[in-house]
Amino acid sequence: MVFKLVKMSNNIIHFLLKKELHIMFLTKLQQEEKEAFLELAYLMATIDGKFSVFENPVIAKYQKEMDLEDYKIKGVAIDDILKVFKEERSKHIVLTEILRLVYSDGIVHENEQESITLIKKHFGFDANKYATFKDWIVGIKELANYPEHE
């Protein structure tokens, strides 16, 4: 009975992830934060010198989710972007979504890792808090790849 319940739960989670339904954290940001987040997301997506086919749809979803589909990237410096996020809740949202973006293509490039380290440091996140966010994002990604039927 427990196995059937666990399998059913995994199938429900898999269905939700495949349908790409997720909690819309970004809608909780203020307008200035939304624009700053989009700048940061674009910066992170192109930091390795290319805009991957995995990262492009994530950026488009961010724009749609935050109702910024017509927003034009201005190329704001990362230090100026990070100064916009003052509230702890906003910092958590940003780190969660940036990690989701970085892990979307399955490869974390050296430049991406350096930028994540900068974000962590600027936001005042210690290694344990960062590890918790990272593990959660990696776990969600693994669930998304969980086979529907065994």
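Predicted model: local features only at pLDDT ≥ 70, side-chain atom pairs only at ≥ 80, totals over all residues.

1. A definition is needed at the outset: a helix axis is a line fitted to the C-alpha atoms over the stretch in contact, and the angle between two axes runs from 0 to 180 degrees between N-to-C directions. Two packed helices are described by this angle and by the distance between the axes.

2. The mean pLDDT of the chain is 76, and 68% of the residues reach at least 70. Confidence is highest in helix α4 (residues 78–82), at 96, and lowest in helix α1 (residues 2–18), where the mean is 42. The pLDDT stays below 50 over residues 1–23, a stretch that has 16 contacts in the model beyond near neighbours in sequence.

3. Helix α2 (residues 31–46) packs with helix α5 (residues 88–102) at an angle of about 30°, and their axes are 10 Å apart. Because angles under 35 degrees count as roughly parallel, α2 is roughly parallel to α5. The crossing of α2 and α5 is right-handed.

4. Which residues of α2 and α5 meet? From α2 come E33, F37, L40, A41, M44 and A45; from α5 come S90, V94, E97, I98, L101 and V102. By class, this contact of α2 with α5 has nine nonpolar, two charged and one polar residues.

5. Leaving aside neighbours within four places in sequence, Q63 contacts L38, L68, E69 and Y71.

Note on methods: Residues numbered from 1 in each chain as written. Heavy atoms only, no water. Helix = DSSP H or I, 4+ residues; strand = E, 2+ residues; numbered from the N terminus. Parallel < 35°, antiparallel > 145°, perpendicular 65-115°, else oblique. Left-handed = near helix turned anticlockwise from the far one by under 90°. Contact = heavy atoms within 4.5 Å. Nonpolar A, V, L, I, M, F, W, Y, C, P; charged D, E, K, R; others polar. pLDDT = per-residue confidence, 0-100.
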